Amino acid sequence: MSAGAESTHVSSLGKGDSLHQQVLASFPLCDITEEDLTQNPQFCKLLATLTQHVDQHGLTVPLKTELEKAEQKLQSQRRHWLRSESLNKGLQEMIQDHCVRKHHATVPPDQNMFYETMEKCLLVAQCITQLDPSSTTNQDQPSVLGLNPQQMMELMPSEKNVQRMKQGLPKELEKHLKKKCLSLLSYYQPEWENESEGLKNSKLSHLSAQLDKDKKKAESLKETSRENTVLLQRQTQLYLSELIKCIQLLQSLILDHRLRIQTDLDRKKLDYFEGKCELVLQKIKTEMVEIQLDTYTVDSISAHKKIREKLESDLKTCQVEKHSVELKLASFEILGKNFEALAEEYCRLRQEIEMNNWALKEFTQCSNK
């Protein structure tokens with residue numbers, strides 16, 4: 001195919017999402033997703049081109065034709081084998097039913113002869129089949145127990161009995177097959193078990209078509225189930241991929257949130273420790289102030305003591321001076337104008353003594369506090 005024809009075919013399929021959906025529908029067995037096709041556009045075009053050469057199972061048109069012919073031939077051979085096998089099984093069942101009836105009731109001699117002849121014919125046919133299973137058997141191959149088909153044919157019943165058995169076999173076989181069909185009908189549709197014989201026969205005429213219809217329906221449901229399984233697997237893969245993306249996004253959000261919260265938490269911790277440090281420093285300052293006050297108090301007491309001693313000393317000196325002045329006043333009372341000067345000196349000394357007494361009193365009160 002030329003490049004132009006390929007591009008024309010690809011463009012006819014569609015573009016974008018429609019092309020992806022068509023490619024996925026054309027190759028349901030391929031484990032690919034729409035994301036794979038989006039990431040690999042050339043591969044998507046290649047698959048779109050292959051859709052006109054292969055079917056959904058990957059078979060080319062000539063190979064599919066040959067496969068269909070081989071399947072038809074196989075089906076024909078299978079039908080032939082199933083027909084022969086079904087007939088053989090039916091005859092075996094008829095013989096077994098006859099043996100059961102013979103043990104529970106008396107059977108007419110002609111029926112005994114019929115089933116004995118049929119049983120012998122079946123045994124001889126089986127032995128011949130074992131001795132010569134197909135036309136491709138090598139003639140030089142050693143036979144079982146040294147026997148050959150001609151020797152087994154000698155064990156066949158008389159020709160008269162065989163002919164009589166062949167004449168009655170279709171009727172007996174029809175009765176047996178009809179009985180089996182009625183049993184199958186009763187199993188398939190139990191509600192028809194008590195119906196009349198005519199209705200059962202009418203239903204039997206449609207049983208094959210109904211079974212074929214149900215078989216096709218079951219195959220269709222099986223195919224739908226298989227397609228749904230493939231679709232479910234594809235959707236599961238998409239879901240898991242989206243889930244992984246969501247988990248990664250969630251982890252990123254959690255990490256960002258944790259970092260932001262960690263910053264706020266660190267800031268709050270820093271504020272807490274700063275406040276605690278300030279409280280500790282304030283406590284230390286308070287203790288230092290108390291220590292300084294204690295030291296100041298001790299120093300003040302010592303200073304007050306010294307001041308008191310000085311004031312007491314000054315008081316004693318003033319009292320001595322007062323006494324001296326009083327003596328002088330007493331001795332100089334008789335003086336005239338000079339007495340006023342002595343009186344002023346006396347007043348001055350008296351005021352000084354009062355001041356010293358007041359200071360001593362205040363100091364004493366402060367010391368007691």
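This is a predicted model: local features need pLDDT of at least 70, side-chain atom pairs count only at pLDDT 80 or more; totals for chains, interfaces and linings use all residues.
Helix α8 (residues 159–188) is the biggest giver to the patch of positive charge, supplying three residues. Helices here are DSSP runs of H or I with at least four residues, strands are E runs of at least two, and both are numbered from the N terminus. Residues are numbered from 1 along each chain as its sequence is written, and side-chain values use heavy atoms, with hydrogens and water left out.

As for the overall build, the protein has 10 helices and zero strands, so the pattern along the sequence simply reads α-α-α-α-α-α-α-α-α-α. Out of 369 residues, 17% count as buried, where buried means under 20% relative accessible area, exposed means over 50%, and partly exposed is what falls in between (1.4 Å probe, protein chains only). Among contacts with a separation of 6 or more, 59% link residues 24 or more positions apart, a contact being heavy atoms within 4.5 Å.

Back to the patches. A patch is built from residues with over 30% relative accessible area and no salt bridge, joining like charges within 9 Å and nonpolar side chains (Val, Leu, Ile, Met, Phe, Trp, Tyr) within 5 Å. The positive one gathers Arg101, Lys171, Lys175 and Lys179 on the surface. For charges, Lys and Arg count as positive and Asp and Glu as negative, with His and the chain ends not counted; each charge is placed at NZ of Lys, CZ of Arg, CG of Asp or CD of Glu. Lys175 sits in helix α8 and, at 48% relative accessibility, counts as partly exposed.

The nonpolar patch is made of Tyr239, Leu240, Leu243 and Ile247, which together have about 380 Å² of accessible area. Leu243 belongs to helix α9 (residues 197–331) and is partly exposed, with a relative accessible area of 34%.

Then there are the salt bridges, four by count. The rule asks for a side-chain nitrogen of Lys or Arg within 4 Å of a carboxyl oxygen of Asp or Glu. One of them pairs Lys180 with Glu93, with the closest N and O atoms 3.2 Å apart. Because Lys180 lies in helix α8 and Glu93 in helix α5 (residues 61–104), this pair ties together parts that are 87 residues apart in sequence. Both partners are partly exposed: Lys180 has a relative accessibility of 39%, and Glu93 has 26%.

Lys216 pairs with Asp212, their closest N and O atoms being 3.5 Å apart; the two are four residues apart in the helix, so about one helical turn separates them. Lys216 is exposed at 53%, whereas Asp212 is partly exposed at 39%. Lys245 bridges to Glu242, with 4.0 Å between the closest N and O atoms, and these residues are three apart in helix α9, about one turn. Lys245 is partly exposed at 42%, and Glu242 is partly exposed at 43%.

Definitions and conventions:
Accessible areas come from the Shrake-Rupley method with a 1.4 Å probe; for residues, only the protein chains shown count as cover.
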